[in-house]
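Good morning, and thank you for coming.

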Amino acid sequence: MAKKQVEKEITVEDKLKTLYRLQEKMSEIDKIKILRGELPLEVDDLEDEVEGLNTRIGKYEADMKEAEGAAADQRQKIQNCNLKITKYKEQLDNVRNNREFDHLSKEIEFETLEVELAEKKIKEFTFEAKNLAEQVEKNKELLSERTLDLNQKKEELDSIVSETKQQEEQIREDVKTIEAEIEPRLLQAFKRIRKSTRNGLAVVCIERGACGGCFNKIPPQKQMDIKMGKKIIVCEYCGRVMIDPELVGLEEK
Ligand SMILES: [Zn+2]
C-alpha cells in the first residue's frame with residue numbers, strides 16, 4: 001500500500017525531469033567516448049592484424065623447416081647413392097663375367113639417376129625454402145611495424161582511459177541510481193530512442209517552437225502540452241522526448 005502511494009506521487013513532470021537527468025549523464029559518457037574516438041577500434045584492428053601476422057609467420061617458418069628438412073634428406077640420399085656407386089665401381093674392377101658386369105653397370109646407372117633426381121629435388125626444396133625465408137622476413141618487418149603502431153595506440157588509449165576512467169565510473173554509478181527511479185517501460189523507450197539517434201539524444205528541450213533534436217516545427221497545441229508537462233510527448237519526426245527547458249531550470253534558447 002505504501003508503495004502505491006509513493007508511485008502516485010511521481011508526476012509526469014518528475015518523470016520528465018528524471019529522464020532529462022539521465023540524458024545529461026548519458027551525454028557525458030558519450031563525450032568521453034568521443035574523446036577516445038576511433039582508438040578502441042583501431043587497437044582492436046591492430047591486435048587482430050598482429051595476431052594474423054604471427055600465425056602467418058609461424059606457418060611460413062614451419063613450411064621452411066620442412067623444405068630444409070626435405071633437402072637434407074635428399075643430400076643424405078645422395079651420400080648413400082654415392083657410397084653404393086663407389087662400392088659397385090670397386091666390384092666392377094673384379095668382375096668375372098658379362099652378366100655380372102651388366103648387372104653392376106645397371107646398378108651404377110640406376111644410382112646415378114637417383115643422384116640426379118635428388119639433386120633436382122634439392123634445388124626445388126632450396127628454392128622453396130629461400131622463398132619462404134623471404135616471406136618470413138617480409139612479414140616480420142610488417143609485424144614489427146604494426147606492433148609499434150599497436151603499442152603507440154594502446155598507450156594513447158590507456159592514457160585517455162585512465163584520465164577519464166574514474167569520471168566514467170562515477171557517471172555510471174549516477175546512471176544506475178537514476179535508472180532505478182524510472183519505470184522499466186519508460187527506461188526501455190528512452191534506451192530505444194537513444195539508440196535510434198546519431199547524437200545519442202533521446203530527450204531534448206524545445207527551442208523556438210521546434211524540436212531541439214531535429215529542429216522541425218512543433219504544432220502550437222503540442223507546444224502548449226509540452227509546456228504544461230502533463231504528458232510525455234515525443235517528436236513526430238524524430239521520436240525524441242521533448243521537454244520545456246524551464247522544466248529543467250533552463251532558459252529557452
Ligand atoms: Zn524531432
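**From overall outline to single residues**

Starting at the N terminus, the elements of the protein follow the order α-α-α-α-α-β-β-α-β-β. That amounts to 6 helices and 4 strands. Please keep in mind that this is a predicted model.

Let us consider the overall dimensions. The C-alpha trace spans about 125 × 40 × 35 Å along its principal axes. A compact globule of 253 residues would have a radius of gyration near 18 Å, whereas this protein has 39 Å. Of the 253 residues, 31% count as buried. Among contacts with a separation of 6 or more, 73% join residues 24 or more positions apart.

One pair of residues illustrates such separation in sequence. Glu169 belongs to helix H4, which covers residues 98-180. Between Glu169 and Ile29 there are 140 residues in sequence, yet their C-alpha atoms are 9.6 Å apart in space. Is Glu169 buried, exposed or partly exposed? Its relative accessible area is 44%, so Glu169 is partly exposed.

Which residues of H5 are buried? They are Leu186, Leu187, Ala189, Phe190, Ile193 and Arg194. The face of H5 turned away from the buried side carries the exposed residues Pro184, Arg185, Gln188, Arg192, Lys195 and Ser196. And what do the buried residues of H5 pack against? Their partners are helix H2 (12-36), H4, strand E1 (203-207) and E4.

We now come to the zinc ion. Four cysteines coordinate the ion through their SG atoms, namely Cys211, Cys214, Cys235 and Cys238, at 2.2 to 2.3 Å. In sequence these donor residues are spaced C-x2-C-x20-C-x2-C. Cys211 lies in strand E2 (residues 210-211), while Cys235 is in the loop between strand E3 (233-234) and strand E4 (241-243), so this pair ties together parts that are 24 residues apart in sequence. Why is the arrangement around the zinc ion called tetrahedral? The 4 donor atoms subtend angles of 105 to 115°, and the arrangement is therefore tetrahedral. For reference, the ideal angle for four tetrahedral donors is 109.5 degrees. Cys211 has 0% relative accessibility and therefore counts as buried. Cys235, at 4%, likewise counts as buried, because the cut-off for buried is under 20% relative accessible area.

Finally, I would draw attention to two backbone angles. Most residues other than glycine have a negative phi. Arg208, in the loop between E1 and E2, has a positive phi of about 45° although it is not a glycine. With 62% relative accessibility, Arg208 counts as exposed. Phe215 lies in the loop between E2 and helix H6 (220-228). The phi of Phe215 is also positive, near 65°, and this residue too is not a glycine. Phe215 is exposed, with a relative accessible area of 55%.

Thank you for your attention.

Definitions and conventions:
Residues are numbered from 1 along each chain as its sequence is written. This is a predicted model: local features need pLDDT of at least 70, side-chain atom pairs count only at pLDDT 80 or more; totals for chains, interfaces and linings use all residues. Side-chain values use heavy atoms; hydrogens and water are left out. Helices (H or I, at least four residues) and strands (E, at least two) are DSSP runs, numbered from the N terminus. Buried means under 20% relative accessible area, exposed over 50%, partly exposed in between (1.4 Å probe, protein chains only). Donors are N, O and S atoms within 2.8 Å of the metal (3.2 Å for Na, K and Ca); water is not among the atoms, so sites may look incomplete. Four donors count as tetrahedral if all angles lie between 85 and 135 degrees; four count as square planar and six as octahedral if opposite donors are over 155 degrees apart and all others between 65 and 115; anything else is irregular. Contact means heavy atoms within 4.5 Å. The radius of gyration is taken over C-alpha atoms; the globule rule is 2.2 Å times the number of residues to the power 0.38.
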